[in-house]
Amino acid sequence: MSETANTTSPIFGRLLTAMVTPFTESGDVDEKATAALAQNLVDRGHDGLIVCGTTGEYSTMTDEENENVFRIVKEAVGERAHIVAGVGSNDTNHTLHLASRAEAVGVDGLLVVTPYYNKPTQTGLEAHFRTVADAVKTPVMLYDIPGRAGIPITPAVYRSLASHENIVAVKDAKADFTAATEVMETTDLQYYSGDDGLTLPWMAVGAVGLVGVTSHVAPEAFRQLIDATVAGDLATAQKLHLELAPVIRAAMSRVPGCVAAKQILSWQGILDSPAVRLPHVLATDEETALMRADLEGSTIASTLIR
């Protein structure tokens with residue numbers, strides 16, 4: 001593993017958020033709110049943004065809407081942050097089409113999720129990723145999330161894919177530390193935690209940073225947690241890890257992440273509307289009460305509008 005590549009200067013930075021896509025009450029992409037949210041996140045310590053990923057509800061959006069959001073965010077903060085476009089699909093040709101559109105915008109990276117629903121073999125999985133990487137010049141971040149895709153990426157496939165010059169990073173949401181350690185030991189792939197609550201343990205075993213959801217609503221605390229971990233200040237990192245626990249619980253365990261993030265951002269006055277698209281729906285009264293209870297007394301309690 002290259003220390004310079006993996007621990008000193010991560011290609012996409014250390015703190016990234018899988019950004020929600022703001023919608024108007026009528027269901028359209030809210031372009032002004034999208035740009036404003038991107039600026040807010042970068043102003044508050046983000047190194048990069050994942051746009052039109054799962055949390056961005058890309059699968060409910062048209063290709064034209066996805067490309068428009070790539071462009072809006074790139075124009076808003078592209079001079080100050082790394083922009084990684086979610087282009088994954090369960091259809092390789094569709095992924096190639098979205099990747100081409102993202103490259104035309106000039107994004108800094110492409111997030112390519114494991115093809116979901118189809119459940120290909122590992123050989124098919126590798127062929128999918130290689131086909132995408134062969135077709136682009138933009139660096140690729142693989143997204144390993146068997147909870148949604150149904151299958152993991154095995155260490156053997158990671159080792160093979162690591163030889164491709166365009167495949168540079170991994171967003172890991174399967175929490176298999178043993179498998180990841182094997183890959184980090186034997187390749188130069190840069191690992192990012194894909195689980196907000198596991199940021200500290202992930203970085204302790206060699207991950208370079210976080211691609212988060214809760215980081216929408218507590219960016220300063222996640223910035224401090226990451227910086228303390230990099231600096232070797234375990235006591236501070238542990239303190240922040242525990243302080244963030246109720247915030248992460250509110251954002252990640254009550255309702256889907258995009259629903260929770262938009263709701264909390266609206267409570268913070270950052271979004272005008274928590275609108276989502278079907279099949280997602282707004283949190284129920286019972287769910288919002290649980291989220292508010294999680295957040296009362298938390299490190300972000302003072303940011304909530306009463």
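Ala 76 has its place in helix α3 (residues 63-77); helices here are DSSP runs of H or I with at least four residues, strands are runs of E with at least two, and both are numbered from the N terminus. The model is a predicted one, in which local features need pLDDT of at least 70 and side-chain atom pairs count only at pLDDT 80 or more, while totals for chains, interfaces and linings use all residues. Residues are numbered from 1 along each chain as its sequence is written, and side-chain values use heavy atoms, with hydrogens and water left out.

At 21% relative accessibility, Ala 76 counts as partly exposed; buried means under 20% relative accessible area, exposed over 50%, and partly exposed in between, with a 1.4 Å probe and protein chains only. Leaving aside neighbours within four places in sequence, Ala 76 is in contact (heavy atoms within 4.5 Å) with Ala 35 and Gln 39. From Ala 76 to Gln 224 the C-alpha to C-alpha distance is 24 Å, across 148 residues of sequence.

**Helix α10**

Helix α10 (residues 219-230) has twelve residues, and its first and last C-alpha atoms are 16 Å apart, close to the 16 Å expected at 1.5 Å a residue. The expected span is 1.5 Å times one less than the number of residues. Buried residues of α10 are Pro 219, Ala 221, Phe 222, Arg 223, Leu 225, Ile 226, Ala 228 and Thr 229. Their cover includes β1 (15-18), α9 (199-204), β8 (209-212) and α11 (234-252). Gly 232, which follows α10, has a positive phi near 80°.

Among the buried residues are Gly 257, Lys 262, Gln 263, Ile 264 and Trp 267. The elements covering them include α2 (31-43), α11 and α13. Just after α12, Gly 269 takes a positive phi of about 75°.

Ile 264 also belongs to the largest nonpolar core, which has 100 residues; Ile 264 is listed with Phe 70, Val 73, Val 87, Leu 110 and Tyr 191 as having the most contacts inside it. Such a core is a set of buried Ala, Val, Leu, Ile, Met, Phe, Trp, Tyr and Cys residues joined through side-chain atoms within 4.5 Å. Beyond four places in sequence, Ile 264 is in contact with Val 217, Ala 250, Ala 251, Met 291, Leu 295, Ile 300 and Leu 304.

β6 and β7 run parallel and are joined by four bridges; two strands pair if DSSP finds at least two bridges between them. Opposite Gln 190 in β7 stands Ala 169. Between β6 and β7 the chain passes through helix α8 (residues 177-186), a right-handed β-α-β crossover. Right-handed means that, with the strands pointing away from the viewer, the path from the first strand over the helix to the second runs clockwise.

β7 also pairs with β8 in the parallel sense, over two bridges. Ser 193 stands opposite Leu 210 in β8. The chain crosses from β7 through α9 to β8, and this β-α-β crossover is right-handed.

**Loop residues**

Asn 166 is found in the loop between α7 (155-161) and β6 (167-172). Asn 166 is buried, with a relative accessible area of 10%. Its side chain reaches the backbone oxygen of Val 136 at 2.6 Å, a polar contact (a pair of N or O atoms within 3.5 Å; within protein, one must be able to donate a hydrogen and the other to accept it, and residues adjacent in sequence count only if both atoms are side-chain atoms). Outside four places in sequence, the contacts of Asn 166 are Ala 133, Val 136, Lys 137, Thr 138, Pro 139 and Val 140.

A cis peptide bond joins Leu 278 and Pro 279, with omega about 15°. Pro 279 is in the loop between α12 (257-267) and α13 (285-295).
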